[in-house]
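User: Could you take me through this model and back up the labels you use? I'd like the cut-offs along with the values.

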Amino acid sequence: MLSLRRKDIVCQQAVELVTDYLEGALSRRDRRRFETHLRACPNCAAYLDQIRMTIQLAGAVGPDDLSPEAQQDLTDLYRRWRSE
Ligand SMILES: [Zn+2]
């Protein structure tokens with residue numbers, strides 16, 4: 001198993017990179033680190049899927065589809081994504 005090294009990104013960093021990743025705004029190195037994290041972390045992989053879907057369905061996601069926490073996270077990320 002891979003051991004966690006200092007240069008490996010953690011979940012919080014991965015979450016922060018999601019929108020840049022989806023926009024193709026990451027450097028090749030960051031992209032690789034992000035994808036490496038996703039392979040090792042089902043939670044973040046699922047999170048990425050969720051955000052990708054949310055962006056695709058923008059405006060079509062009902063309040064009942066997501067937990068309040070996920071909704072808040074997505075709202076924040078989506079707002080940031082829109083403002084860039
Ligand atoms: Zn993670």
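**Helices, packing and core**

Analyst: The protein chain has 4 helices and 0 strands, and along the sequence the pattern reads α-α-α-α. Helices (H or I, at least four residues) and strands (E, at least two) are DSSP runs, numbered from the N terminus. This is a predicted model, where local features need pLDDT of at least 70 and side-chain atom pairs count only at pLDDT 80 or more, while totals for chains, interfaces and linings use all residues. Residues are numbered from 1 along each chain as its sequence is written, and side-chain values use heavy atoms, with hydrogens and water left out.

User: Why is α1 called oblique to α2?

Analyst: Helix α1 (residues 11-23) and helix α2 (residues 28-40) pack at an angle of about 120 degrees, with their axes 10 Å apart. That angle makes α1 oblique to α2: under 35 degrees counts as roughly parallel, over 145 as roughly antiparallel, 65 to 115 as roughly perpendicular and the rest as oblique. Axes here are lines fitted to C-alpha atoms, for helices over the stretch in contact, and angles run from 0 to 180 degrees between N-to-C directions.

User: Which residues of α1 and α2 meet?

Analyst: From α1 you get Cys11, Ala14, Leu17, Val18 and Tyr21, and from α2 Arg31, Phe34, Glu35 and His37. Contact means heavy atoms within 4.5 Å. The residues of this contact split into 6 nonpolar, 1 polar and 2 charged. The classes go like this: Ala, Val, Leu, Ile, Met, Phe, Trp, Tyr, Cys and Pro count as nonpolar, Asp, Glu, Lys and Arg as charged, and the others, Gly among them, as polar.

User: What makes α2 and α3 roughly perpendicular?

Analyst: Their angle is about 115 degrees, with the axes 5 Å apart, and α2 and α3 are therefore roughly perpendicular to each other. Phe34, His37, Leu38 and Ala40 of α2 make the contact with Pro42, Cys44, Ala45 and Leu48 of α3. That contact divides into 7 nonpolar, 1 polar and no charged residues.

User: How do you know whether Phe34 is buried or exposed?

Analyst: Look at its relative accessible area: Phe34 has 0%, so Phe34 is buried. Buried means under 20%, exposed over 50%, partly exposed in between (1.4 Å probe, protein chains only). Not counting residues up to four places away in sequence, Phe34 touches Ile9, Ala14, Leu17, Val18, Tyr21, Leu26 and Leu48.

User: What makes up the largest nonpolar core?

Analyst: The largest nonpolar core has 16 residues, and Val18, Phe34, Leu48 and Ile51 have the most contacts inside it. A nonpolar core is a set of buried Ala, Val, Leu, Ile, Met, Phe, Trp, Tyr and Cys residues joined through side-chain atoms within 4.5 Å. Each of α1, α2, α3 (42-56) and α4 (68-83) supplies at least two residues of this core, and α3 gives the most, with 5 residues. Ile51 touches Val18, Leu22, Leu74 and Leu77, not counting residues up to four places away in sequence.
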